[in-house]
2 protein chains.
Amino acid sequence: MVNGNLGIKDIAKLAAVSIGTVDRVLNNRSGVAPATREKVLDIIKQTGYKKNLVASRLKLAKNKVIKVAVLAPTPRNEHSYWNLPLQGVNRAIQELSAMGVSSAYFYFNQLNHQHFREQIDKIFQEEFHALITVPFFESESNMLLRKAKEKNIPVVFLDTERELLYSSNFIRQNALNAGLVAGRLLHGLVGDEGTYVVVNILNDRGKQINNLQRESGFRSYFKHLPNKTHIKHFTINHPLEDDFDLSPELKTLAKGPTKFGIFVTNSRSFLLPSIIKENNISNYHLIGFDLNKKNIAYLKSGEIDFLINQKPQYQGYTAIKGLYKFLTEGDNSQLNIDIPVEIVVKENVEYYCAR
Amino acid sequence: MVNGNLGIKDIAKLAAVSIGTVDRVLNNRSGVAPATREKVLDIIKQTGYKKNLVASRLKLAKNKVIKVAVLAPTPRNEHSYWNLPLQGVNRAIQELSAMGVSSAYFYFNQLNHQHFREQIDKIFQEEFHALITVPFFESESNMLLRKAKEKNIPVVFLDTERELLYSSNFIRQNALNAGLVAGRLLHGLVGDEGTYVVVNILNDRGKQINNLQRESGFRSYFKHLPNKTHIKHFTINHPLEDDFDLSPELKTLAKGPTKFGIFVTNSRSFLLPSIIKENNISNYHLIGFDLNKKNIAYLKSGEIDFLINQKPQYQGYTAIKGLYKFLTEGDNSQLNIDIPVEIVVKENVEYYCAR
DNA sequence: TTAAATATCGTGTACGTTAACGAATATACC
DNA sequence: GGTATATTCGTTAACGTACACGATATTTAA
């Protein structure tokens with residue numbers, strides 16, 4: 001055996017049984033006398049035997065393929081955010097294809113609850129061993145979880161959009177924490193005497209829980225500062241379709257000498273620079289989320305100061321890897337991951353947009 | 001075959017030869033007629049056959065164990081920096097132990113060239129398949145590279161301390177880029193009207209190339225600013241053992257209202273806060289490198305603003321993974337890695353110090 | 001032309017684990 | 001006690017690749 005480790009054969013010899021019996025004990029199948037089982041388990045404990053996952057998977061690959069279903073919103077275009085986790089999923093699937101892991105993709109219309117349900121039904125008709133999806137619709141997601149629990153299928157949710165009834169596995173960034181980080185970064189640039197604006201740019205489905213939590217984290221940072229006297233806070237909730245305009249009060253402030261600190265709670269910070277110019281604001285700092293093309297361009301031109309990365313590709317990648325570990329080793333420690341709040345500036349953006 | 005992929009057996013059938021012949025072609029061994037070889041290669045190209053590394057390793061595990069030698073400075077204590085890459089190495093080795101990868105550790109005295117040589121000799125006496133080390137001593141590192149090239153053993157260097165004669169593989173952070181990032185972060189906090197101090201805290205072996213490059217990157221950031229008029233720059237080269245003191249000019253400035261921006265080019269930024277207090281400087285910002293205990297404590301207390309992480313554990317981890325990929329697949333793309341310049345603040349430090 | 005040498009290629013076994021199959025023993029029932 | 005049924009356990013053939021060995025076919029030398 002490699003590394004001086006023992007194999008199932010050695011265990012069998014030590015326990016004076018056949019490899020078949022050892023295998024039955026290891027995979028706790030029936031057909032072993034209690035005394036024999038004890039004896040084998042003893043040897044296993046004593047020797048610290050660990051099964052060779054490579055050999056195990058080699059044998060199982062043909063019979064027990066691991067099929068993972070991935071259910072994501074239909075991407076609007078090739079630059080859509082939801083393509084990114086799928087890229088990570090693909091990379092992980094490629095790495096594990098030799099181990100018999102495969103995936104199937106399902107898409108749902110972002111505005112259509114019914115369509116989501118249909119896709120769920122489709123998935124549960126086929127035989128999958130795990131499911132990766134996004135908590136878009138609250139009641140539907142809970143329904144999904146209930147069904148999955150019945151069938152004993154592990155579910156991993158990427159990102160945070162909803163709070164869910166049933167406890168489940170999440171791979172996501174702590175939105176409150178991200179808000180705190182944004183608070184620190186923006187306060188460092190703007191200082192105590194500035195005007196702070198939180199911009200929630202709402203999408204079709206209204207304000208989401210992570211927008212709320214990011215804002216709350218941001219505000220909480222300022223609450224805990226020693227001298228918070230001169231800080232003015234505004235919140236703009238801006239539906240995506242509407243024309244974007246500053247409030248009269250902000251317009252007045254914009255004419256003064258005040259420094260602006262603008263925090264966009266989602267990936268649409270690229271909408272701000274043009275509006276800022278229209279209002280003749282020059283002394284401002286801007287922070288947003290996600291490394292999409294437009295955001296990166298503004299980051300490079302200096303019109304966005306910081307971006308916070310949620311590592312969407314990594315989310316998909318680590319979801320597959322975590323599920324594999326769970327399904328083969330029973331180790332669920334990689335199914336709940338707090339994605340680091342990654343700070344991106346012009347000078348280090350290259351490292352992060354590559355993948 | 002898994003995933004509809006073909007196996008060596010299918011290739012053999014398609015090419016109307018035996019699997020032995022296909023194997024000879026794949027591992028380009030001798031004993032195949034040119035025409036047959038062509039035929040098989042054709043089929044391989046057409047089908048896009050990729051060998052199953054799992055099965056391959058399973059077979060090879062007993063015969064061809066991959067042994068990696070790791071040569072690092074003797075850690076001064078359990079919190080020593082050089083323990084961190086070794087932790088990453090260990091993690092990777094554990095993951096790959098089933099694939100027959102093992103490691104052996106060698107340590108050298110940081111001040112003793114001769115000792116380094118002795119360890120190198122020891123390593124080359126045994127049969128290793130790869131070597132991971134640190135470019136501490138220039139001439140000795142080059143000697144090592146020469147020997148390794150003779151024996152055809154891949155070498156990976158972690159971190160940058162020296163420029164080396166022979167080209168080799170490096171897993172390290174771009175020090176110039178890190179300096180640029182530090183420049184942006186500090187300038188954001190201090191602004192155009194500040195006094196900037198670069199502090200090089202030298203260790204036993206004098207100033208190292210990454211200290212120089214970090215400083216040069218930092219300065220270069222300010223050179224490219226539109227309005228660079230009021231920025232004052234100082235550099236303090238401080239041998240670790242000496243008492244640390246500010247220059248007369250800096251002491252005078254310290255009495256005035258100027259904002260200080262202090263950039264420590266290595267992991268010893270934790271030495272600064274006490275000195276700053278002694279000189280009654282209150283209006284300052286401080287940035288340094290590495291997530292050691294003392295730095296983290298000051299980051300949490302607010303006396304350090306930013307830390308730049310070099311991900312030492314990841315360096316060790318990715319070195320092993322990269323070597324494995326090279327030795328098994330011949331893919332050397334993971335042997336030269338530019339470690340991201342990771343920005344750490346109080347609010348996201350938890351994500352990074354866990355591992 | 002024939003034996004020897006070489007080139008080319010197929011066969012078979014092994015890696016460690018799994019699981020079907022069947023053999024051996026133990027238990028139940030009439 | 002004898003047959004039927006359960007329980008327990010050993011044997012063996014895969015999974016896909018690697019490589020030693022031996023079997024042909026081809027070339028070389030005499």
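**Exercise 1.** How many residues does the contact take from chain A and from chain B?

*Solution.* A note before we start: this is a predicted model, in which local features need pLDDT of at least 70, side-chain atom pairs count only at pLDDT 80 or more, and totals for chains, interfaces and linings use all residues. Residues are numbered from 1 along each chain as its sequence is written, chains are lettered from A in the order in which they are written, and side-chain values use heavy atoms, with hydrogens and water left out.

Take contact as heavy atoms within 4.5 Å. Chain A then gives 39 residues and chain B gives 40 residues. Next, look at the buried area (the accessible area, 1.4 Å probe, that two parts lose on being put together, summed over both). The two chains bury about 3300 Å², with 60% of it on carbon and sulfur atoms. On the chain A side, R184(A), E347(A) and Y351(A) lose the most area, together 21% of what that side buries.

**Exercise 2.** Find the salt bridges between chain A and chain B.

*Solution.* Search for a side-chain nitrogen of Lys or Arg within 4 Å of a carboxyl oxygen of Asp or Glu. The count is two. One of them joins R184(A) to E347(B), at 2.6 Å from N to O.
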